[in-house]
Amino acid sequence: MMKLTLTLALLAGPSFAEEWKMRDGDHLFSAHELKERLIQSDLVFYDEGRSVYGADGSYSYTYGGGGTWEGRFEAQDDSIVCVTFVTGSTRCDRIVENDGRLVVLTVEGERFPVRPSE
């Protein structure tokens, strides 16, 4: 029974919208809008980390100091993007636009603004 409960909780993912720390001005995307936005250009963070979303569903994140995580991503409605890494681990974030800038929201309540990519 515990395994079933855990499985259902994992499948539910971040559907508990009240957990996302939304702010005034945060604009949500549909799954299609989000995917189109993500594959247009890399997301470069202020710590020099870089997320790359491929049109084929590929994903990579390279840390500012080096090292890369790779996987596959899926854009969902309500601005949710979930990545399944080659290790089998999964994470979901909400990517919103606020005042013309993309911001990555984590389920833990963190907000990471994205720099304009060069």
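Start by selecting arginine 111. Its relative accessibility is 19%, so arginine 111 counts as buried (buried means under 20% relative accessible area, exposed over 50%, partly exposed in between, with a 1.4 Å probe and protein chains only). Keep in mind that this is a predicted model, where local features need pLDDT of at least 70, side-chain atom pairs count only at pLDDT 80 or more, and totals for chains, interfaces and linings use all residues. Residues are numbered from 1 along each chain as its sequence is written, and side-chain values use heavy atoms, with hydrogens and water left out.

Aspartate 26 and arginine 111 form a salt bridge, with 3.0 Å between the closest N and O atoms (a salt bridge is a side-chain nitrogen of Lys or Arg within 4 Å of a carboxyl oxygen of Asp or Glu). The pair links distant parts of the chain, 85 residues apart. Arginine 111 sits in strand S8 (residues 111-115), aspartate 26 in the loop between helix H1 (2-12) and helix H2 (31-40). Helices (H or I, at least four residues) and strands (E, at least two) are DSSP runs, numbered from the N terminus. Aspartate 26 also counts as buried, because its relative accessibility is 13%.

Next, select arginine 115 and glutamate 48. Here the closest N and O atoms of the salt bridge are 2.7 Å apart. Arginine 115 lies in strand S8, and glutamate 48 in the loop between strand S1 (43-45) and strand S2 (50-53), so the pair ties together parts 67 residues apart in sequence. Color by accessibility. Arginine 115 is buried, at a relative accessible area of 17%. Glutamate 48 is partly exposed, at 43%.

Move to aspartate 42 and arginine 50. This pair is another salt bridge, its closest N and O atoms 3.0 Å apart. Aspartate 42 has 26% relative accessibility and counts as partly exposed. Arginine 50 is partly exposed too, with a relative accessible area of 31%. In total, the structure holds 5 salt bridges.

Last stop: the cysteines. Which two form a disulfide? Select cysteine 82 and cysteine 92, whose sulfur atoms are 1.9 Å apart (a disulfide is a pair of cysteine sulfur atoms within 2.5 Å). Cysteine 82 belongs to strand S5 (residues 80-85) and cysteine 92 to strand S6 (residues 90-98), so the pair ties together parts that are 10 residues apart in sequence. Check the torsion about the S-S bond of cysteine 82 and cysteine 92: it is about 110°, so the disulfide is right-handed. Cysteine 82 and cysteine 92 are both buried. A search of the whole structure finds 1 disulfide.
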